Amino acid sequence: MKKILVPTDFSTCANHAVDFAVQSAKHINAEIILFHAFEAGGSAYTDYMGVNLEFDQIILGERRDKLRLIKKSIEETEGIVVSLYLLKGPLKECMLQAIEEKEIDFVVMGTLGASGLKKKIWGSNTFAIIGKLKIPVMVIPHSYEWKKPEKILMATNHFEKEPAILDFVFELADLYMAQVHIAVFTDEDKDDATTLLENTRNTPTYGKLLKTKYREDSLTAEHLYGKEFEETLNDHLEQKEMDMLVMVTYSKGGIWERFFNPSHSKKMSYQTKIPLLVLPGSAIES
C-alpha cells in the first residue's frame with residue numbers, strides 16, 4: 001500500500017475522501033496521488049474551429065490550479081507527500097490509465113460529488129469501474145468525518161481463505177491497530193436448510209482458524225441470518241459499533257451482486273454511514 005489514488009471533483013464529499021486518505025497515509029506510510037479527470041464537451045464543428053481546444057485548456061488550467069492548492073495545503077499542514085495527476089477523458093478510462101501508469105496500490109473515493117457522483121457510485125458507471133479494478137477500493141460516505149478505524153467487519157457468504165484477500169484485511173487492521181470481526185450471512189429466503197446448517201456449524205471454526213493464523217485474540221465470527229442482507233447487516237454494524245465494512249467482489253454474482261443492486265429504498269440504508277472497503281475476488285468461485 002505505497003501509492004493511494006484519490007479521485008476528486010473538488011466537492012465536499014471528495015474532500016472527505018481526500019482527508020480519509022491523508023489521515024490513513026499517516027498510519028500506512030503511503031504516497032497520495034490526487035487525481036482529476038476532465039471530460040471535454042462540444043461538437044465536431046467547434047473542434048474544427050478551435051473553440052473547444054481553447055476552452056478545454058482554460059478549464060484544465062483551472063483544475064490544475066485547484067489540485068496544486070490542495071497539494072500545498074496537505075503538505076504544509078499534514079506533512080504527507082502528494083503527487084498530482086490530471087487527465088482529459090471519461091472517468092472510467094482515465095482511472096484505469098492512472099492506476100496502470102502510476103502503479104497504484106489502493107483507491108480512496110467518495111460516494112457523492114458535485115458532478116453527480118452519488119448516482120455514479122451506486123449506478124453502472126462507478127460499479128463498472130470497481131468491477132474492472134484489480135486493486136482495493138475504499139468508498140467514503142459523503143457525510144463521513146475521519147475517524148481512525150478501531151473495529152473492522154468483513155461480511156461475506158463465503159468462508160474466505162484466499163491469502164491475497166485475508167492478508168490485506170489483517171495487514172490494514174494492524175496498521176490502523178484495529179480489531180477484525182467476521183460476519184457470515186445466510187439468506188432466509190434464498191438459501192436452503194443445508195446452507196443454513198453448514199454456515200451455523202462452520203462459522204465458529206472459521207473464526208478460530210483466522211484467530212490462530214493471524215494471531216487476533218479479539219477476533220469474533222458471527223453467523224447472521226435474515227431475509228434482507230442490507231437490513232440484517234445494517235443492524236449488526238450499528239449494534240457492534242463497527243468503523244469499517246469490508247466486502248469482496250465476486251465474478252459470478254453472489255452476495256456482492258445482491259449488495260450493490262438492492263431495492264431503491266434499502267440500497268443506501270447503511271452504506272453512507274461508514275467506509276466500505278471493496279476487495280477484488282475474481283479468482284474465487286462464487
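**Backbone and helix notes**

Modeller: Met177 is exposed, at 66% relative accessible area (exposed is over 50%, buried under 20%, partly exposed in between, with a 1.4 Å probe and protein chains only). This is a predicted model, where local features need pLDDT of at least 70, side-chain atom pairs count only at pLDDT 80 or more, and totals for chains, interfaces and linings use all residues. Residues are numbered from 1 along each chain as its sequence is written, and side-chain values use heavy atoms, leaving out hydrogens and water.

Colleague: New topic: where in α8 does the kink lie?

Modeller: At Asn202, shortly before Pro204, with a kink of about 35 degrees (the bend is the angle between axes fitted to the seven residues ending at a residue and the seven starting there).

Colleague: And what caps the N-terminal end of α8?

Modeller: Asp192 does, with a side-chain oxygen 3.3 Å from the backbone nitrogen of Thr194.

Colleague: Which residues of α8 are buried, and what covers them?

Modeller: Asn199, Thr203, Tyr206, Gly207 and Leu210 are buried. Their cover includes β6, α7, β7 and β8, where contact means heavy atoms within 4.5 Å.

Technical notes. Helix = DSSP H or I, 4+ residues; strand = E, 2+ residues; numbered from the N terminus. Polar contact = N/O pair within 3.5 Å; in protein donor to acceptor, adjacent residues only side chain to side chain.
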